Amino acid sequence: MGASLALASRGVGLATPNPSVGCVIWRNGRVVGRGHTQPGGRPHAEAMALAQAGAAARGATAYVTLEPCAHQSPRGPSCADSLVAAGIARVVVAAPDPDPRTNGAGLARLTAAGIAVTSGVRRAEAESGLAGFLTRLRLGRPHITLKLATSLDGAIAMADGRSQWLTGPRARAAAHLERARADLIIVGRGTWDADAPRLDVRLAGLEGRSPRIGVVGRGHGLPGHVRHLPDLAALCADPALHVLAEGGMGLAASLLAADLVDRLLLHRAPVIVGGGRTLGDIGLADLADAHGRWTAQPALALGVDRIEAFTRKR
């Protein structure tokens, strides 16, 4: 299953509108097929792995990160039916598919065909990678990551607004990797006008994974390649699955005040600014309300900087 999870991670940010799924087919002690959801959502991971395995799929075990789909599509057959037709003997699934078109029907179809089914293997890891897909189904909007670069005393910028560069090159490279996993990156109009950010991916070999760009706020004068999002409601209606918000302070505060941040990334530099700019009001009425909202994830040290990740409890 670990190999399937790694394969699934390759398509995050590219497989929209579908989830990025990984599949490995194992027979007689060796891998005979592997695949992940392709850009644009098709072919599915199972179809890729079965095509590679060919006749070797008969009697094999398929490890899949998401319950195989049970619905037909103009773009291809259901994955559950494809696994049955290929003669797969056993299917190991990480996470169930809450899509109402599947939602247990995929596993039921496999079981009815005499295929041994095991589910729930490394489910938490799989659901972390499927966060965009699951948030869309459960909350009706994209999964939103807010990334903030801060000093030790919580400043996002100097008093005059300058913020380049708070963090070092390794932390900035990690930020570009986050961009490569998103299918929409957003900033507020103030940041767009002040900094003219490129918002692309500048990592060797990943330049082609730059996400779409969106600007929240006024739309006048935006270039044609930039998606205008007049407000947060428009952001929630965007078809993206994974959104990365990079600034500025007004947008960050608005997202937090509206409780739209699902994952918070703090890139913390070992510097003290003193009198710098910090987040504005997020509508917190009582300090007690701030506790218990976030789950800390393992921190990462990159050079002198530290990256801290928190997921919203829902």
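Buried means under 20% relative accessible area, exposed means over 50%, and partly exposed lies in between (1.4 Å probe, protein chains only). This is a predicted model: local features need pLDDT of at least 70, side-chain atom pairs count only at pLDDT 80 or more, and totals for chains, interfaces and linings use all residues. Residues are numbered from 1 along each chain as its sequence is written, and side-chain values use heavy atoms, without hydrogens and water.

**View 1. His291 sits in a loop.** The loop lies between β11 (263-268) and β12 (294-296); strands (E, at least two residues) and helices (H or I, at least four) are DSSP runs, numbered from the N terminus. His291 is exposed, at 60% relative accessible area. Leu5 is 286 residues from His291 in sequence and 32 Å from it in space, C-alpha to C-alpha.

View 2. The whole structure has 0 disulfides, a disulfide being a pair of cysteine sulfur atoms within 2.5 Å. For Cys79, the closest cysteine sulfur is in Cys69, 3.7 Å away, so it is too far for a bond. Cys79 is buried, at 3% relative accessible area. Cys236 is buried too, at 18%.

**View 3. Helix α3 meets helix α4.** The axes of α3 (residues 79-86) and α4 (residues 105-112) come within 9 Å and cross at roughly 20°. Axes are lines fitted to C-alpha atoms over the stretch in contact, with angles from 0 to 180 degrees between N-to-C directions. The two helices are therefore roughly parallel, the word for angles under 35 degrees. Ala80, Asp81, Leu83 and Val84 of α3 make the contact with Gly106, Arg109 and Leu110 of α4; contact means heavy atoms within 4.5 Å.

Technical notes. Angles under 35 degrees count as roughly parallel, over 145 as roughly antiparallel, 65 to 115 as roughly perpendicular and the rest as oblique.
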